[in-house]
Amino acid sequence: MEKFIPVVVIKELSEVDTILPALAYSGIHTAEITFRTACAKEAIAYAKKNYPDMEIGAGTVINRQQCEDALEAGATFIVSPGFSPSVAALCCDKEIPYYPGCVTPTEIMAALEYGITTVKFFPANIYGGLKALKALSAPFPQIRFIPTGGVYRSNLDEFLAFDKIAAVGGSFFVKEALEAYQKKGE
Ligand code: 3PG
């Protein structure tokens with residue numbers, strides 16, 4: 001897993017051809033394409049076909065149907081804002097990494113029951129940030145976190161310095177990459 005997971009929202013398919021090259025230019029070869037838009041499934045399939053060197057996952061997957069769609073489109077990892085037992089069961093069955101949003105001990109325990117040991121921590125800034133992650137790591141030393149939501153360039157290093165951080169996620173990676181890519185073209 002790469003250390004940076006950009007949260008990507010594709011409103012129109014053509015945006016894939018802007019955002020993915022920009023991310024790659026910034027050295028990021030992963031994209032979490034979110035099921036927040038109607039074209040998410042299509043965007044994942046298109047990204048998989050046209051950007052074979054990138055790892056394409058699905059984000060904001062909140063039910064089994066979306067998970068089925070994401071896997072059909074070729075997503076190689078699944079992210080949810082919360083914990084979904086039906087998504088966990090499907091991913092477990094298909095041996096696809098699933099990173100559910102878990103911010104409480106109960107949610108982490110639910111994930112562990114499916115053998116999940118890497119979870120999204122969302123929204124990281126609201127649920128106590130690094131301080132909360134450190135407290136949760138005491139009873140759950142086997143868990144690695146992906147803090148997302150309110151993670152920015154300015155606080156990224158604080159998170160990454162903690163050894164229980166698997167990666168950090170955020171939409172700001174996309175914004176930054178697009179700006180850098182645009183500047184290169186000027
Ligand atoms: C997500 O779904 O992971 C979040 O929308 C990302 O949060 P951010 O926009 O604060 O990075």
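Axes are lines fitted to C-alpha atoms, for helices over the stretch in contact, and the angle between two of them runs from 0 to 180 degrees between N-to-C directions. This is a predicted model.

**H3 and H4**

- The axes of H3 and helix H4 (residues 85–94) come within 8 Å and cross at roughly 30°.
- Angles under 35 degrees count as roughly parallel. H3 is therefore roughly parallel to H4.
- The crossing of H3 past H4 is right-handed.
- On the H3 side, the residues that meet H4 are Arg 64, Cys 67, Glu 68 and Leu 71. On the H4 side they are Ser 86, Val 87, Leu 90, Cys 91 and Lys 94.
- By class, this contact of H3 with H4 holds 5 nonpolar, 1 polar and 3 charged residues.

**H2 and H3**

- Helix H2 (residues 40–50) and helix H3 (residues 64–73) have axes that come within 8 Å. They cross at roughly 20°.
- That angle makes H2 roughly parallel to H3.
- H2 passes H3 in a crossing that is right-handed.
- From H2, the contact uses Lys 41, Ile 44, Ala 45 and Lys 48. From H3, it uses Asp 69, Ala 70, Glu 72 and Ala 73.
- The contact of H2 with H3 has 4 nonpolar and 4 charged residues, and no polar ones.

**H1 and H2**

- Helix H1 (residues 16–25) packs with H2 at an angle of about 50°. Their axes are 11 Å apart.
- H1 and H2 are therefore oblique to each other.
- The crossing of H1 past H2 is right-handed.
- Val 16, Asp 17 and Leu 20 of H1 make the contact with Ala 43, Tyr 46 and Ala 47 of H2.
- Sorted by class, the contact of H1 with H2 has 5 nonpolar residues, no polar ones and 1 charged.

**The ligand**

- Which residues surround the ligand? They are Val 7, Arg 36, Lys 120, Phe 122, Thr 148, Gly 149, Gly 150, Gly 170 and Ser 171.
- Lys 120 has a side-chain N or O atom 2.6 Å from an oxygen atom of the ligand.
- Gly 150 has a polar backbone atom 3.0 Å from an oxygen atom of the ligand.
- Ser 171 has a polar side-chain atom 2.5 Å from an oxygen atom of the ligand.

Definitions and conventions
Residues numbered from 1 in each chain as written. Predicted model: local features only at pLDDT ≥ 70, side-chain atom pairs only at ≥ 80, totals over all residues. Heavy atoms only, no water. Helix = DSSP H or I, 4+ residues; strand = E, 2+ residues; numbered from the N terminus. Parallel < 35°, antiparallel > 145°, perpendicular 65-115°, else oblique. Left-handed = near helix turned anticlockwise from the far one by under 90°. Contact = heavy atoms within 4.5 Å. Nonpolar A, V, L, I, M, F, W, Y, C, P; charged D, E, K, R; others polar. Near = heavy atom within 4 Å. Polar contact = N/O pair within 3.5 Å; in protein donor to acceptor, adjacent residues only side chain to side chain.
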